[in-house]
Amino acid sequence: MSRSTTSGPSQRMLRVGEQVRHALSETLQRGEIIDPLVENSVISVSEVRMSPDLKIATAFVSPLGASDDNAVVEALNKHAKFIRGRVSGALRQMKYMPEFRFRLDTSFDNFARINDLLKSPEVARDLSQDDDKDKDDKKDSE
């Protein structure tokens, strides 16, 4: 079997990652983790990236309603073995139950920063100059 030359995740890694994300979300939603930081916040699991051997699952989470996001992620990492045991029922088809690692998802912050940049007056000014130039070029070609 030949290996792909791309550096991205395989279809199998993506499929298993999505299955793990669903199982993890259900476990967190049931509120089985007894920790005040975890209990008092809604935790959104946006993505789970699997290692190539499917033994490590890195879950990217966004705690909603928490005063300290990093403290919630630390609490999840502290309870990772307990979560692994709770998720194992939903992932019976896997040969090895993955080890969970939780990371703070900053993609929403990046999207907001890009959106703010696109709405800035400087970008609007530059875009209007490009539109004026395109109109002038179109008139010249006619």
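Which side chains meet in a salt bridge at 3.3 Å, N to O? They are those of Glu-99 and Arg-101. Both partners are partly exposed. Glu-99 has a relative accessibility of 36%. Arg-101 has a relative accessible area of 30%. Elsewhere, salt bridges that share partners link Arg-30, Glu-32 and Arg-86 into one network. The model behind these values is a predicted one.

Now take the whole chain. The protein chain has 142 residues, and 30% of them are buried. Its secondary structure comes to six helices and three strands. What is the order of these elements from the N terminus on? The protein chain runs α-α-β-β-α-α-β-α-α. The protein chain exposes about 10,200 Å². Carbon and sulfur atoms supply 50% of that area.

Next comes a pair of helices. Two packed helices are described by the angle between their axes and the distance between the axes. Helix H1 spans residues 11-30, and helix H4 spans residues 80-87. They pack at an angle of about 110°. Their axes are 10 Å apart. Angles of 65 to 115 degrees count as roughly perpendicular, so H1 and H4 are roughly perpendicular to each other. Which residues make the contact? H1 brings Ala-23, Leu-24, Thr-27 and Arg-30. H4 brings Ile-83, Arg-86 and Val-87. By kind, the residues of this contact divide into four nonpolar, one polar and two charged. Two names here have come up before.

Side chains of opposite charge can pair when their charged atoms come close. How many salt bridges does a search of the whole structure find? The search finds six. One of them lies in H1, where the side chains of Arg-21 and Glu-18 meet. The N to O distance is 2.7 Å. These two residues are three residues apart, about one turn of the helix. Glu-18 counts as partly exposed, at 35% relative accessibility. Another salt bridge pairs the side chains of Glu-47 and Arg-49, at 3.0 Å, N to O. Glu-47 is partly exposed, with a relative accessible area of 32%. Arg-49 also counts as partly exposed, at 45% relative accessibility.

Move on to helix H3, residues 69-78. Asp-69 lies in this helix. Is Asp-69 buried or partly exposed? At 29% relative accessibility, Asp-69 counts as partly exposed. Leave aside its neighbours within four places in sequence, and Asp-69 is in contact with Pro-63 and Leu-104. Leu-37 gives another reference point. Asp-69 and Leu-37 are 32 residues apart in sequence. In space they are 9.3 Å apart, C-alpha to C-alpha.

The last stop is His-79. Where does His-79 sit? His-79 is in the loop between helix H3 and H4. Buried means under 20% relative accessible area. His-79 has 18% relative accessibility, so His-79 counts as buried. Its contacts, again leaving aside neighbours within four places in sequence, are with Ile-33, Ile-34 and Asp-35.

How values were computed. Residues numbered from 1 in each chain as written. Predicted model: local features only at pLDDT ≥ 70, side-chain atom pairs only at ≥ 80, totals over all residues. Heavy atoms only, no water. Axes fitted to C-alpha atoms, helices over the stretch in contact; angles between N-to-C directions. Helix = DSSP H or I, 4+ residues; strand = E, 2+ residues; numbered from the N terminus. Parallel < 35°, antiparallel > 145°, perpendicular 65-115°, else oblique. Contact = heavy atoms within 4.5 Å. Nonpolar A, V, L, I, M, F, W, Y, C, P; charged D, E, K, R; others polar. Buried < 20%, exposed > 50% of the residue type's maximum accessible area, 1.4 Å probe, protein only. Areas by Shrake-Rupley, 256 points an atom, 1.4 Å probe, with all protein chains shown as cover. Salt bridge = Lys/Arg side-chain N within 4 Å of Asp/Glu carboxyl O.
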